[in-house]
Number of protein chains: 2
Amino acid sequence: MDHLKILKSLAIPAESKIVLLVLDGVGGLPDKTSGRTELETASTPNLDELAKKSSCGLMDPISMGLTPGSGPSHLALFGYDPLKYQVGRGVLEAFGIGFELGPSDVAARINFATIDDEGLITDRRAGRISTEENERLCTLLKDIRMPALEIFLRPVKEHRAVVVFRGQNLSGALTDTDPQQLGVPPKEVQPLTPEGHGTAKIVEEFIAEAKKRLAVEHPANMILMRGFDRYEPPPSLQELYLLKSAAIAMYPMYKGVAKLVGMEVIGEATSIAEEFAVLTERFSDYDFFFLHVKQTDSAGEDGDFRRKVAVIEEVDGLLPQLTALKPDVIVVTCDHSTPAVLRSHSWHAAPVLLYSKYCRPDGIETFTERECAKGCLGRFPTRNLMALALANALRLTKYGA
Amino acid sequence: MDHLKILKSLAIPAESKIVLLVLDGVGGLPDKTSGRTELETASTPNLDELAKKSSCGLMDPISMGLTPGSGPSHLALFGYDPLKYQVGRGVLEAFGIGFELGPSDVAARINFATIDDEGLITDRRAGRISTEENERLCTLLKDIRMPALEIFLRPVKEHRAVVVFRGQNLSGALTDTDPQQLGVPPKEVQPLTPEGHGTAKIVEEFIAEAKKRLAVEHPANMILMRGFDRYEPPPSLQELYLLKSAAIAMYPMYKGVAKLVGMEVIGEATSIAEEFAVLTERFSDYDFFFLHVKQTDSAGEDGDFRRKVAVIEEVDGLLPQLTALKPDVIVVTCDHSTPAVLRSHSWHAAPVLLYSKYCRPDGIETFTERECAKGCLGRFPTRNLMALALANALRLTKYGA
C-alpha cells in the first residue's frame, strides 16, 4: 500500500501546531584547517538547547548517495516519495512567481543566453542581465502566437524566465536545450516519449521565433530552455494530513514547491529576521508552518564557509522567537547538504532534530551532523519525517487492531 | 522479489533453538520528574548482562511515525510485511479463543452494549457485564439462522464475543457498526468494495435479529460489531522457515496471532512465572518459542509507570530460567512502545537485543531505548528481525553464488 495512502487513512484532526524550519543546505563537511563542519563551527546555544530536548538523526533526501535538486528534496520533506512525485523546475518556477498553472499546462525554465555568429553559446546567462532588461526582453517575446495554443511568458530574476504552454495533449517529457557547456550550439528539444513529438515541434518553433526576435539584442540574443514539465497537481497537505499549512520563504523556487502541495505562501519577508516575524504574526492562523532559510545554501554554493557559519548563527539568534510560540512539534533540518568545500548540493545525509512533548530525547548535546548520527532516530529517508512530525503532534491514529 | 519468498528459499533445517521474548509495549518515554524511561528506571541486572553479550538496536514496527495495533506489530515480529498481511481483529479474536477458522470465513468482534429507548448508545460495553452473563446472552443468539450460511457465536471475556460467518463469496471488507462514541445510534454496516454488498446485508439482518432477541435484556440490549475480516491464512513459520514453533501467551489476541502463523499454543499459564515454567518444561519439543508478556503493555495503557517498571523487574528476575536453557538465539524486544505517559500504544521505536554465539556484541551496558539507539543493529523495520534470528541460528543458507 502506498505510504501516502496509509498516512491519509490515519490522519485525524487536532489543535496541535508543527513548525518545520528548513536551513537549506545546512549539512556540511569539515573545513580542512579546523576539521569542523559549518554546524560544528557555528556557536548555536539555542539550537543546542533544543537538541537536548529532542530526538535527532540523519536523513537521506532521496536515497543514499544521491544528490538532490531542491524540488525533490522539499517534496520528500513534505512526505512525498520524490521518486514517484517528480516535478520539473519549470513547474516550480511558475508557481514560485505566482503564475496559476492549470492541470496539464507544460512549463519550462528559460535562461537568456549569448550565442556568437556561428550559433555557439558564449554565455549561458547572458552576463546575468538585470531583471529590468529581462522584463523588456520578455515583452518582445510574449506575443508569439501559435495555433490552438496559449503561451505565457514571465520574467523571474536576472537572466531567468518561465514559459508556460497551454493546449491539448501537451507533453512535459522533453529534453533540455541547455547543453550546460560553452562553445557548442543549444541542443534540439527531443521528446522522451512518443507522445511528445508534437510538443517538441511546438517548442522548436517557439525557440526559432524567439531567436529571430532577439537577433538584434546584446548580450541576450538567445534563449535556453530546461526543466520541461507537465503540471499534475499532487494531493495537498490538507487532503493528505488535514493540515492547514503556510509557507514562509523568500525565493520563488521554494514558494513554488510550497504552493504545489497546497500551502499558502504568507508574508513578504526580505530577510531571515522578517521571516521569523511573519511566523510570530501569523502563528494562530495555521496548523503547519514551513519556514525556509535560503542563505545557508547560497553561502554553501558560493564556497563561503564563514558566511554559512554566520547565517547559522543568525538563525540561532532568532530561534527563541520560534520556541516562544510553543509549537507542539518543532523540526529543524535541511532539504540536503551543501558543503562549502564542495560549492554545491551534495549527497551527504541531512541532520535533523525533532522536538515535541512526546519525543524520546536522546541526550545529544549539540546540533551537528556527527552528533545527530548518534541520535535515536537513526538514519532514515527524509520522506518519513512528515509521519514522525504528525505522530508527535498526535495527528495520526493507530494502524490496525 | 518478496522478502518472505527469499527467506523461504534460503531456510535450512537445523537443531538450533530460538526464543523470542516479547515484553509487549515495553518501550517507553521519560517520566517527567526523573527524566528516565520505564526501562531506564527498572533494575534489570539479568537483561543488562545479556545485553552486554548481544547486538542491540531499535526497530520500527510498521513504518516511522506509525502507531501499530497488536496484530500488525506481531506479524512484523514473525517476519511478515504488516502492510501486506493485514489481519482484522475478528480473525485474531476467533483464533485466540481456539475457534478453528476455515479459509474464507468472515469473523468480527462483538461488543455487548446498551442503547436507550431512542436507540442511542449509552454504554459501548454494557457496563462490562460478567463473562457468565456474556455466555448466557450468546446462547440466546447462537441459533440465529440464515439461508446458505453457518453462523458461529462465541463468548470471549466480559462484554466481548466473536461471530464467524461461513458461506459462499463472503467479504470481510465491511465498516464497523461501533461509532466509538456515546449518544449516537450504532452505524450501519457498509461494504468497502462492491463485492461486499451481499455480506453487508447479511450482517445487517443478523444485527436486526440480535437486537430483537436482546430487547428485553439489561444492560446488554444491543451488539456492536467491528474488525470484520475474511480469513486468508498466511504461510506458516513451518512452511517459511522450517520452524516447529510454539507460543506461550495468556491473552486471546496473542494466542490468535500465533495460531494464525501456524504456532502451537502451549501451556495454560496464568502468570509470567508460569509462562517461563512452560518454556522450561517444553523446551525440548520445539525450535522456536514466542513468549509473550502482556503486563508491560497493560501497565503502560493504564498510565501506571511504576507497575510497568515492576513488571520489567519481574521478567528480569525470571530471565535466568530462560538463559539456563541455553537457546542458540535469544531475542528480547517489544511489538511496539506503550509509554505510561501516553497511556497508549505509540510510534516510538522498539528496543531490541539479539544474543547468539555468533552475534556481534556492541558493548551496550544496559537494555534501554537510548542505549539500544547506539547498538550496531541500528534502526530497522521489525519485519527484518526474523531473518536476523534465523541467521544467528544458522538456519539460512547463502544468497546467490
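# Predicted two-chain model: briefing

For the 401 residues of chain A, a compact globule would have a radius of gyration near 21 Å, and the 22 Å found for chain A agrees with that expectation. The model is a predicted one. Chain A contains 14 helices and 14 strands, and its domain assignment gives two domains, one of them in two segments. Chain B superposes on chain A with an RMSD of 0.3 Å, and 30 residues of chain B are in contact with 20 residues of chain A.

- The C-alpha trace of chain A spans about 65 × 55 × 40 Å along its principal axes.
- Of the 401 residues in chain A, 52% are buried.
- Among the contacts in chain A with a separation of 6 or more, 71% are between residues 24 or more positions apart.

**Domains of chain A**

- Domain 1 of chain A comprises residues 3-86 + 234-392, and domain 2 of chain A comprises residues 93-230.
- A distance of 32 Å separates the C-alpha centres of domain 1 of chain A and domain 2 of chain A.
- Contact between the two domains of chain A involves six residues of domain 1 and six residues of domain 2.
- On the side of domain 1 of chain A that touches domain 2 of chain A, three residues are nonpolar, one is polar and two are charged.

**Strand 9 of chain A and its partners**

- Strand 9 of chain A covers residues 245-248; A:S245 and A:A247 point one way from this strand, A:A246 and A:I248 point the other way, and all are buried.
- Strand 9 of chain A runs parallel to strand 11 of chain A (residues 288-293), and four bridges join the two.
- In this pairing, A:I248 stands opposite A:L291 of strand 11 of chain A.
- Strand 9 of chain A also runs parallel to strand 10 of chain A (residues 264-265), to which two bridges join it.
- Here A:A246 stands opposite A:E264 of strand 10 of chain A.

**Hairpin of chain B**

- Strand 6 of chain B (residues 149-155) and strand 7 of chain B (residues 160-167) run antiparallel and are joined by seven bridges.
- B:P155 stands opposite B:A161 in strand 7 of chain B.
- Strand 6 and strand 7 of chain B form a hairpin with four residues between them, and in the turn B:E158 has a positive phi of about 45°.

**Relation and contact between the chains**

- Chain B is superposed on chain A by a rotation of 124° with 0.0 Å of shift along the axis, at an RMSD of 0.3 Å.
- This relation is that of a three-fold axis.
- The copies meet through different surfaces, because only 7% of the interface residues of chain B are also interface residues in chain A.
- The interface brings 30 residues of chain B into contact with 20 residues of chain A.
- On the side of chain B that touches chain A, the elements giving two or more residues are helix 4 (70-77), helix 5 (89-96), helix 13 (369-372) and strand 14 (378-381) of chain B.
- By class, this side of chain B has 14 nonpolar, eleven polar and five charged residues.

**Cis peptide bonds**

- In chain A, the peptide bond from A:H218 to A:P219 is cis, with omega near 0°.
- A:P219 is placed in the loop between helix 7 (197-214) and strand 8 (222-230) of chain A.
- In chain B, a cis peptide bond joins B:H218 and B:P219, with omega about 0°.
- B:P219 lies in the loop between helix 7 (197-214) and strand 8 (222-230) of chain B.

- A:L394, a residue other than glycine, has a positive phi near 55°.
- A:L394 is found in the segment after helix 14 (385-392) of chain A and counts as buried because it has 20 C-beta neighbours inside 10 Å.
- B:K326 is not a glycine, yet has a positive phi of about 50°.
- B:K326 lies in the loop between helix 12 (305-323) and strand 12 (329-333) of chain B and, with 10 C-beta neighbours inside 10 Å, counts as exposed.

Methods
Residues numbered from 1 in each chain as written. Chains lettered and ligands numbered in written order. Predicted model: local features only at pLDDT ≥ 70, side-chain atom pairs only at ≥ 80, totals over all residues. Domains from an automatic or database assignment. Nonpolar A, V, L, I, M, F, W, Y, C, P; charged D, E, K, R; others polar. Pairing = 2+ DSSP bridges. Least-squares fit on C-alpha atoms with pLDDT ≥ 70 in both. Buried ≥ 20, exposed ≤ 12 C-beta atoms within 10 Å, placed from the backbone. Rg over C-alpha atoms; globule rule 2.2 N^0.38 Å.
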